[in-house]
Amino acid sequence: MSDSAIIPQHPREDRSRSNNGDIIIQTRIRRSIWKIAIATLLLMAVGSATRVMNAGLACPDWPLCYGQLVPTQQMNLQVFLEWFHRLDAALIGLSTLLLVSSAWWFRHQLPRWLPGATTFAMSLILIQGALGAFTVTELLRFDIVTAHLGTALLFFVTLLTIGTCLLPIDRSSDRSVVQLPVWLPLIAATCIYVQSLIGGLVGSRWALHQCFGNSELCTVMNSHIIGVVPATLSCVAVTVAIWRSRDLPKYFYKLAALVGGLLIGQILLGVATFKLHLQVETLTVAHQSIGATLLGTLVVITVLSWRLKRSQLASQF
């Protein structure tokens with residue numbers, strides 16, 4: 001018989017152990033969310049590579065590839081990209097299912113909103129899977145391909161939102177005055193999201209080639225070019241607003257520097273892909289990946305700004 005069965009436990013010790021257990025569970029859930037988010041970013045990069053390499057129909061059937069789990073006889077670079085894209089998506093789906101199950105199982109030790117939020121993320125996975133199937137069966141129809149990208153980005157930002165909401169807040173800054181409006185990074189994130197969708201539409205319809213070759217679909221391509229202006233200005237506004245605020249936690253300034261660096265890289269890659277007419281696949285994939293990373297960074301800034309503002313308002317009462 002252990003000592004704990006003889007010596008009565010103090011109520012405060014019980015509560016402390018319970019709180020520590022809750023923190024451990026929440027930390028594990030948060031780390032799982034961030035891992036899935038990173039895997040989703042890599043999956044979108046593979047999806048972009050699949051598109052620019054004309055490998056979207058390398059596997060003519062779905063969900064198998066040439067009727068096999070691993071099409072060893074037909075395997076080449078294009079088949080591998082499409083097959084690996086599906087494999088990665090399946091692993092992310094299973095990881096998300098495990099995440100949802102854990103959130104509901106430990107719901108009493110987690111924030112009340114978390115099980116519902118993870119369930120919403122799982123619903124996006126189901127929609128994404130259906131769109132992936134339709135992408136193959138409908139022979140890469142441009143609207144389905146664009147919706148496929150839009151849902152992937154929405155799933156990505158949903159994970160980042162949940163993960164950021166679970167981060168410990170910096171209480172040392174509760175007495176400072178937040179000079180960063182929450183709506184500012186939100187507008188910037190919205191501009192980047194819309195710009196990413198238009199960019200996906202340009203790629204799925206080969207608008208750049210159509211415009212230069214046949215003077216067709218120039219409106220689609222020009223829409224993406226014009227969209228650079230509001231996206232750039234909103235990102236610059238976020239960066240300037242953060243650097244002009246002296247009372248924000250240090251991580252805001254690091255995120256602002258990241259936004260600035262990603263924005264410059266994105267503009268340079270955009271110019272390069274335009275000048276080279278999308279002929280260099282690695283540049284196109286990098287352009288899409290950095291755009292998604294920029295979107296994610298702005299979403300994190302938005303959620304952190306909202307949490308900090310909410311924390312400061314609560315401390316006043």
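Figure 1. Arg141 forms a salt bridge with Asp143, with 2.9 Å between the closest N and O atoms. Arg141 also forms a salt bridge with Glu138, and here the closest N and O atoms are 3.9 Å apart. That distance counts because the cut-off for a salt bridge is 4 Å. Arg141 has a relative accessible area of 40%, so this residue is partly exposed. Glu138 is partly exposed at 38% relative accessibility, and Asp143 is partly exposed with a relative accessible area of 35%. Through shared partners, the salt bridges join Glu138, Arg141 and Asp143 into one network.

**Figure 2. Aromatic rings in helix α2.** The structure has four aromatic pairs. In one of these, the ring centres of Phe80 and Trp83 are 6.0 Å apart and the planes meet at 45°, so the pair is tilted. Both residues lie in helix α2 (residues 77-105), three residues apart, which is about one turn of the helix. Phe80 and Phe84 are separated by about one helical turn because they are four residues apart in helix α2. The ring pairs link Phe80, Trp83 and Phe84 into a cluster. Trp83 has a relative accessible area of 18% and is therefore buried, since the limit for buried is under 20%. Phe80, with a relative accessible area of 37%, is partly exposed. Phe84 is likewise partly exposed, with a relative accessible area of 31%.

Figure 3. The patch covers about 870 Å². Its members are Leu64, Leu69, Val70, Met75, Phe80, Phe84, Leu87, Leu91, Leu94 and Leu97. With a relative accessible area of 34%, Leu87 is partly exposed.

**Figure 4. Helix α3 and the residue Leu139 after it.** Helix α3 spans residues 114-137 and contains 24 residues. At 1.5 Å a residue, the helix should span 34 Å; its end C-alpha atoms are 35 Å apart, so the two values agree. Just after α3, the phi of Leu139 is positive, at about 60°.

**Figure 5. Helix α5 and its buried residues.** Helix α5 (residues 183-204) has 22 residues. From its first C-alpha to its last, α5 reaches 31 Å, close to the 32 Å expected at 1.5 Å a residue. The buried residues of α5 include Leu184, Pro185, Ala188, Ala189, Ile192, Gln195 and Ser196. Towards the end of the list come Gly200, Val202, Gly203 and Ser204, which are buried too. Gly200, placed in helix α5, has a relative accessible area of 10% and is therefore buried. Gly200 and His224 are 24 residues apart in sequence, while their C-alpha atoms are 9.6 Å apart in space. After α5 comes Trp206, with a positive phi near 50°.

**Figure 6. Arg205 over the ring of Phe142.** The charged end of Arg205 sits over the Phe142 ring. The distance from this charged end to the ring centre is 4.2 Å.

**Figure 7. Overview of the predicted model.** The protein has nine helices and zero strands. From the N terminus on, its elements run α-α-α-α-α-α-α-α-α. Of the 317 residues in the protein, 44% are buried.

How values were computed. Residues are numbered from 1 along each chain as its sequence is written. This is a predicted model: local features need pLDDT of at least 70, side-chain atom pairs count only at pLDDT 80 or more; totals for chains, interfaces and linings use all residues. Side-chain values use heavy atoms; hydrogens and water are left out. Helices (H or I, at least four residues) and strands (E, at least two) are DSSP runs, numbered from the N terminus. The expected span of a helix is 1.5 Å times one less than its number of residues. Buried means under 20% relative accessible area, exposed over 50%, partly exposed in between (1.4 Å probe, protein chains only). Rings of Phe, Tyr and Trp (its six-membered ring) pair if their centres lie within 6.5 Å; planes under 30 degrees apart count as stacked, over 60 as edge-to-face and the rest as tilted. A charge sits over a ring if NZ of Lys or CZ of Arg is within 6 Å of the ring centre and within 35 degrees of the ring normal. Patches are made of residues with over 30% relative accessible area and no salt bridge: like charges are joined within 9 Å, nonpolar side chains (Val, Leu, Ile, Met, Phe, Trp, Tyr) within 5 Å. Accessible areas come from the Shrake-Rupley method with a 1.4 Å probe; for residues, only the protein chains shown count as cover. A salt bridge is a side-chain nitrogen of Lys or Arg within 4 Å of a carboxyl oxygen of Asp or Glu.
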